[in-house]
Amino acid sequence: MYIYGDSRKNIYQDNESDSFRIDIGTSLELDGKWEIAVLDIDLPTMKKDVNIPMYVTLFCNVCEISCVDSSQKPVLYRMYKSDFRAGNSLRITTPRYVPISSKSLRTLDIYILDHNGEIPPFTPGVTTCTLHLRKNGLQ
């Protein structure tokens, strides 16, 4: 599933590079246990003259809740500062699959926060990523 964070700006006018909603066009009914992973991601570049975050975390409303510091959040993927060296594009060779908490998918809400729980200092731009869903064979 290819996600283009700006693709539904006409419907979801509050979509930004760090927080966006995607309507996948049809409702996917998921029987059994499913997982989701990020295969690649392209983020806008970081603003100049700011401290680059130690990491940014992608959260997605369909992910199972995880403990993040002292709170519970739907973590999809964490991208570390070392991943930013060659720009903000990352191809993930060994995807980390996360359990999906929903039995039906129609919209995905994705938001990104830095290591302080704040919006990362991105320049204006668009976030894109490829997501992979698979049925968990360990049921």
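Ile-36 stands opposite Val-98 in β9, where strands (E, at least two residues) and helices (H or I, at least four) are DSSP runs numbered from the N terminus. This is a predicted model, in which local features need pLDDT of at least 70 and side-chain atom pairs count only at pLDDT 80 or more, while totals for chains, interfaces and linings use all residues. Residues are numbered from 1 along each chain as its sequence is written, and side-chain values use heavy atoms, with hydrogens and water left out.

**Strand β3 and its partners**

- Two bridges join β3 to strand β9, residues 98–99, and these strands run antiparallel; two strands are said to pair if DSSP finds at least two bridges between them.
- β3 also pairs with β11 in the antiparallel sense, over eight bridges, and within this pairing the bridge partner of Ala-37 is His-132 in β11.
- A further antiparallel pairing, over three bridges, joins β3 to strand β8, residues 89–91, where Leu-90 is the bridge partner of Ile-41.
- Leu-39 lies in strand β3 and counts as partly exposed, at 28% relative accessibility (buried means under 20% relative accessible area, exposed over 50%, and partly exposed in between, with a 1.4 Å probe and protein chains only).
- Leaving aside residues up to four places away in sequence, Leu-39 touches Leu-90, Arg-91, Ile-92, Pro-95, Thr-130 and His-132, a contact being heavy atoms within 4.5 Å.
- The C-alpha atoms of Leu-39 and Thr-94 are separated by 8.3 Å, although the two residues are 55 residues apart along the chain.

**The largest nonpolar core**

- The largest nonpolar core has 29 residues, and those with the most contacts inside it are Ile-3, Ile-36, Val-38, Ile-41, Leu-76 and Leu-131; such a core is a set of buried Ala, Val, Leu, Ile, Met, Phe, Trp, Tyr and Cys residues joined through side-chain atoms within 4.5 Å.
- Two or more residues of this core come from each of the elements β2 (19–29), β3 (34–42), β4 (55–60), β7 (75–80), β10 (104–114) and β11 (128–135), and β10 gives the most, with four residues.
- Leu-131 touches Met-1, Ile-3, Ile-36, Ala-37, Val-38, Leu-76, Leu-108 and Ile-110, again not counting residues up to four places away in sequence.

**The open sheet**

- Four strands form an open sheet in the order β2-β10-β4-β7, with antiparallel pairing.
- Its edge strands are β2 and β7, each of which pairs on one side only.
- The twist averages 20 degrees from one strand to the next, with axes taken as lines fitted to C-alpha atoms (for helices over the stretch in contact) and angles running from 0 to 180 degrees between N-to-C directions.
- Within this sheet, five bridges join the antiparallel strands β4 and β10, and Cys-60 stands opposite Ile-110 in β10.

**Aromatic pairs**

- The count comes to two aromatic pairs, under a rule by which rings of Phe, Tyr and Trp (its six-membered ring) pair if their centres lie within 6.5 Å, with planes under 30 degrees apart counted as stacked, over 60 as edge-to-face and the rest as tilted.
- One of them joins Phe-59 and Tyr-111, whose ring centres are 4.8 Å apart and whose planes lie at 20 degrees, so the pair is stacked.
- This pair links distant parts of the chain, with Phe-59 in strand β4 and Tyr-111 in strand β10, 52 residues apart.
- Phe-59 is buried, with a relative accessible area of 3%, whereas Tyr-111 is partly exposed, with a relative accessible area of 28%.

**Cysteines**

- The structure holds zero disulfides, a disulfide being a pair of cysteine sulfur atoms within 2.5 Å.
- For Cys-63, which is in no disulfide, the nearest cysteine sulfur is that of Cys-60, 4.7 Å away, and Cys-63 is buried, with a relative accessible area of 2%.
- Cys-129 is likewise in no disulfide, the nearest cysteine sulfur being that of Cys-60 at 8.5 Å, and Cys-129 counts as buried at 1% relative accessibility.

**A loop residue with positive phi**

- Asp-49 is placed in the loop between β3 and β4, and its phi is near 65 degrees, a positive value in a residue other than glycine.
- Most residues other than glycine have a negative phi.
- At 82% relative accessibility, Asp-49 counts as exposed.
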